[in-house]
Amino acid sequence: MQRFSSTVFPWLRAASAACACLLAAASLGLAPARATDLIIVFPANIPPWTIEREDRGIALDIMREALKPFGYTVIPSYYPLARFTSAMHSHKNVDGVAMVEGAKIKEKYYFYSEPTGTFDTRLISLKKDKFKLRKTEDLYPLSLVAFEDANRVFASVDKIKHNNARYTESPNQASQVATLFLGRTNMILIDHAIFMYWKHELDINNPRSGLHDTPRIDVSDELEYHDVDKILGIHPNSPMQTLFRSAEVRDKFNEGLHRLKQSGQFEKIMAKYTAPLTP
């Protein structure tokens with residue numbers, strides 16, 4: 001019987017290579033993409049920015065609407081905050097990483113978009129506790145729960161981590177917000193939109209959205225918002241950007257983002273998710 005080799009039929013070798021690539025992508029949990037598909041990594045489940053269970057949220061909606069006029073389909077892939085910025089290095093079929101704060105991925109072969117929004121970082125305590133803070137060192141004796149990876153984002157928070165045994169980071173921001181109202185921590189460091197979302201969801205007096213199974217608690221305590229600029233040297237509004245592997249896709253996204261802002265669609269997307277959270 002004649003043995004057929006890839007030298008006789010070169011398409012066999014190409015087909016084998018293609019199959020290997022598809023299997024590799026499947027093993028990473030990333031679907032193989034068409035030329036117009038873009039695999040974009042998002043932080044996992046940080047509503048209202050990303051609502052993983054429903055594949056939507058402020059960040060996802062803006063990304064999809066900005067790229068839709070150019071024929072691109074966004075395929076979201078969700079990573080924990082501590083790992084999502086490494087996705088471009090780890091997986092070559094990832095086309096971009098959304099919601100990167102402070103240009104923290106340093107790589108000359110990647111391309112940053114214009115800002116797609118801002119993180120409004122807040123340091124929050126219960127007003128009844130009457131904490132008076134003037135500098136970073138005032139936080140050393142206090143318990144503080146920050147969002148995951150906060151010490152890598154802010155140098156002042158890293159300083160707290162190394163000088164405060166009561167400093168912790170939480171990947172679960174519903175739990176982070178709950179610990180404050182339940183009196184299990186003195187302070188939390190969190191994006192304000194995320195805080196307001198979970199405060200609304202946890203409130204025992206609000207009807208359930210049906211998206212989460214979190215316990216309901218009393219969130220009626222008055223809050224104290226401390227000056228993060230003065231105490232931690234953190235600008236309260238940190239721009240977030242999307243990092244793309246392709247300069248061409250980045251440029252089209254920037255153009256689409258500009259169109260969204262000019263048309264008012266950008267503000268409509270923001271209001272869709274944040275207006276219900278306003279007291």
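I take a contact to mean heavy atoms within 4.5 Å. With that in hand, I looked at how far apart in sequence the partners lie. Among contacts between residues at least 6 apart in sequence, 68% join residues at least 24 apart. I note here that the model is predicted.

**Entry: overall make-up**

I began with the secondary structure. The protein has 10 helices and 10 strands. I then looked up burial. The chain has 279 residues, and 48% of them count as buried. The accessible surface comes to about 14400 Å². Carbon and sulfur atoms hold 54% of that surface.

I started from β1, residues 37–43. Which way do β1 and β2 run relative to each other, parallel or antiparallel? They run parallel, and 7 bridges join them.

I checked how covered β2 is. Of its 7 residues, 5 are buried, so the rest of the structure largely encloses this strand.

Next I turned to β3, residues 96–101. β3 pairs with β1 in the parallel sense over 2 bridges. Val41 has Val97 as its bridge partner in β3. I also found β3 paired with β10, residues 237–244. That pairing is antiparallel and has 4 bridges. There, Glu101 is partnered by Met240 of β10. For burial in β3 I counted 6 of the 6 residues, so this strand is largely enclosed by the rest of the structure.

**Entry: nonpolar cores**

Nonpolar side chains tend to be buried together in soluble globular proteins. I looked for such groups here. The largest nonpolar core has 50 residues. Phe42, Trp49, Met63 and Phe195 have the most contacts inside this core. A second, separate core has 20 residues, including Leu142, Ala150, Val157 and Val228.

What does Phe42 touch, leaving out residues up to four places away in sequence? Its partners include Ala59, Leu60, Met63, Val74, Tyr79 and Ala98.

**Entry: helix α7**

I looked at α7, residues 192–202. Of its 11 residues, 10 are buried, so the helix is largely enclosed by the rest of the structure. Among the buried ones are His192, Lys199 and Glu201, along with Phe195 and Leu202. The buried residues of α7 pack against β5, α6, β8 and β9.

**Entry: aromatic pairs**

I found 5 aromatic pairs in the structure. I looked up two of them. In the pair of Phe147 and Phe154, the ring centres are 6.3 Å apart and the planes stand at 85°, so the pair is edge-to-face. Both Phe147 and Phe154 are buried. In the pair of Tyr197 and Trp198, the centres are 5.2 Å apart and the planes are at 85°, so this pair is edge-to-face too. Tyr197 and Trp198 are both buried.

**Entry: Glu148**

I then checked Glu148. It sits in the loop between β6 (144–147) and α4 (150–153). Is Glu148 buried or exposed? Glu148 counts as buried because its relative accessibility is 18%, and the cut-off for buried is under 20%. I also listed its contacts, leaving aside neighbours within four places in sequence. They are Pro80, Leu81, Ala82, Glu169, Ser170 and Pro171.

**Entry: backbone details**

Most residues other than glycine have a negative phi, and most peptide bonds are trans. I looked for departures from this. The peptide bond from Pro47 to Pro48 is cis, with omega near 10°. Pro48 lies in the loop between β1 and α2.

Asn45 is found in the loop between β1 and α2. Its phi is positive, near 50°. Asn45 counts as partly exposed, at 31% relative accessibility.

Lys130 lies in the loop between β5 (117–126) and β6. Lys130 also has a positive phi, about 55°, although it is not a glycine. At 66% relative accessibility, Lys130 counts as exposed.

How values were computed. Residues numbered from 1 in each chain as written. Predicted model: local features only at pLDDT ≥ 70, side-chain atom pairs only at ≥ 80, totals over all residues. Heavy atoms only, no water. Buried < 20%, exposed > 50% of the residue type's maximum accessible area, 1.4 Å probe, protein only. Core = buried A, V, L, I, M, F, W, Y, C linked by side-chain atoms within 4.5 Å. Areas by Shrake-Rupley, 256 points an atom, 1.4 Å probe, with all protein chains shown as cover. Pairing = 2+ DSSP bridges. Phe/Tyr/Trp six-rings, centres within 6.5 Å; stacked < 30°, edge-to-face > 60°.
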